[in-house]
Amino acid sequence: MPRTTKRSSGPDSQADAIEDLYSRGITDGLPVVPPTLPRVEKAVLASGRAADELIALVPPNYGRATVEKIAVNAVMAGCRPEYLSVVIAGVEAMCDDAFDLHGVSATTHFASPLFIINGPLRKRLDVNCGAGVFGPGWRANATIGRALRLIAVNLGGARPGIISMSTMGHPGRYTYCIGENEEENPWEPLHVEHGFAPSDSTVAAFAGESPHGIYDHRSRTAGDLLATIARSVEVIWHHKATALGDTLVILSPEHARTIAEDGWSKAEIRRFLWERLRKPVKDLLPGRDGGEGLPEHVLAKLESPETDETLIPKFRAPEHLKILVAGGTAGRFSAVIPGWTFPNGSNLVIKKIQIRE
């Protein structure tokens, strides 16, 4: 971890500091803001917490994430001081045992922590929840997500090729942070569905792959549209994958409106998708029509798997399909983000943002 410094702020010293931080391996490969003592102190002050307060131990190296160390990484990422409370809640979420940051950090899978912000604080901090929600252009999204990734690397030790052994990775490992478009959501937003008050502001941590786009401009009923979405979700991990855990289904406002206007609830959406995504044992044999299938130890317990019509679900339970609304109001596109579900997987974790005046 870099120490705070009282270096002068001239252009040459700034450039030297950036190169020094890069040479010490504590950046994500892009230039970072030098974490000078005044910048870090301002961020700590904005959080309303003591600099030495311990928030979490960050797996897999279990580095001490104090408020000050979180602030150092937030400054390097380009966060404004008022973002620090969000970053602290993100640290709490990704360091929760249910998230399994140790596994997410070390896996050869694609997954990277995605952070989803809900509640009134989205507007105050200008978090993008609408058009281009996964793209660039919003400082809050870009720097909050980047700060949390730097913390995973600098405090948790998740350095690419050393601890982080993802075969492919994906661009979300630079920064991966969105807000839910609650204003266009016809149902309860994500945090309310999980027991928080509408007035609460929260951060959810989800270990996800990159978004897989779903296109459907012609369906005008919930059933037709959800059939399209089901066929898109069918291929995540692979077309014979079963027993998957948490997965995000992100509906655009137009798609959400089509489904809601037919009177469908989130629970009914989940049940429809879960039932549509079951396949008989005979279609899940390894090698039949290519690819993996049910494990041999499962097939060994069956008398005649070649003719067995027993339906096997793709997801362990409907509740593993997490539904939220995000993106722009124009365009009938949605997305699915596969989660990290092996062996028991990472679970979506939501933490309340503690705003201390």
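A residue counts as buried when its relative accessible area is under 20%. By that cut-off, helix H7 is mostly covered, with 14 of its 16 residues buried. The model described here is predicted.

**Helix H7**
- H7 spans residues 139-154, which makes 16 residues.
- From its first C-alpha to its last, H7 reaches 21 Å, close to the 22 Å expected at 1.5 Å a residue.
- An α-helix has 3.6 residues a turn, so residues three or four places apart point the same way.

- Strand S10 covers residues 321-325, and five of the five are buried, so the strand is largely enclosed by the rest of the structure.
- Leu321, Ile323 and Val325 point one way from S10, while Lys322 and Leu324 point the other way.
- Both sets of side chains belong to buried residues, Lys322 included.
- S10 pairs with strand S7 (residues 247-251) in the parallel sense, over five bridges.
- One of the residue pairs across these strands is Thr247 with Leu321, its bridge partner in S10.

- Gly331 sits in the loop between S10 and strand S11 (333-337).
- Its relative accessibility is 17%, so Gly331 counts as buried, the limit being under 20%.
- Leaving aside residues up to four places away in sequence, Gly331 touches Ser252 and Glu254.
- Gly331 and Glu254 are 77 residues apart in sequence, yet their C-alpha atoms are 6.8 Å apart in space.

- Strand S1 (residues 54-58) contains Leu57.
- S1 and strand S2 (residues 63-66) run antiparallel and are joined by four bridges.
- Within this pairing, Arg64 in S2 is the bridge partner of Leu57.
- On the surface, Leu57 forms a nonpolar patch with Leu54 and Tyr62.
- Together these three residues have about 280 Å² of accessible area.

Methods. Residues numbered from 1 in each chain as written. Predicted model: local features only at pLDDT ≥ 70, side-chain atom pairs only at ≥ 80, totals over all residues. Heavy atoms only, no water. Buried < 20%, exposed > 50% of the residue type's maximum accessible area, 1.4 Å probe, protein only. Helix = DSSP H or I, 4+ residues; strand = E, 2+ residues; numbered from the N terminus. Pairing = 2+ DSSP bridges. Contact = heavy atoms within 4.5 Å. Patch = residues over 30% accessible without salt bridge, like charges linked within 9 Å, V, L, I, M, F, W, Y side chains within 5 Å. Areas by Shrake-Rupley, 256 points an atom, 1.4 Å probe, with all protein chains shown as cover. Salt bridge = Lys/Arg side-chain N within 4 Å of Asp/Glu carboxyl O. Expected span 1.5 Å × (residues − 1).
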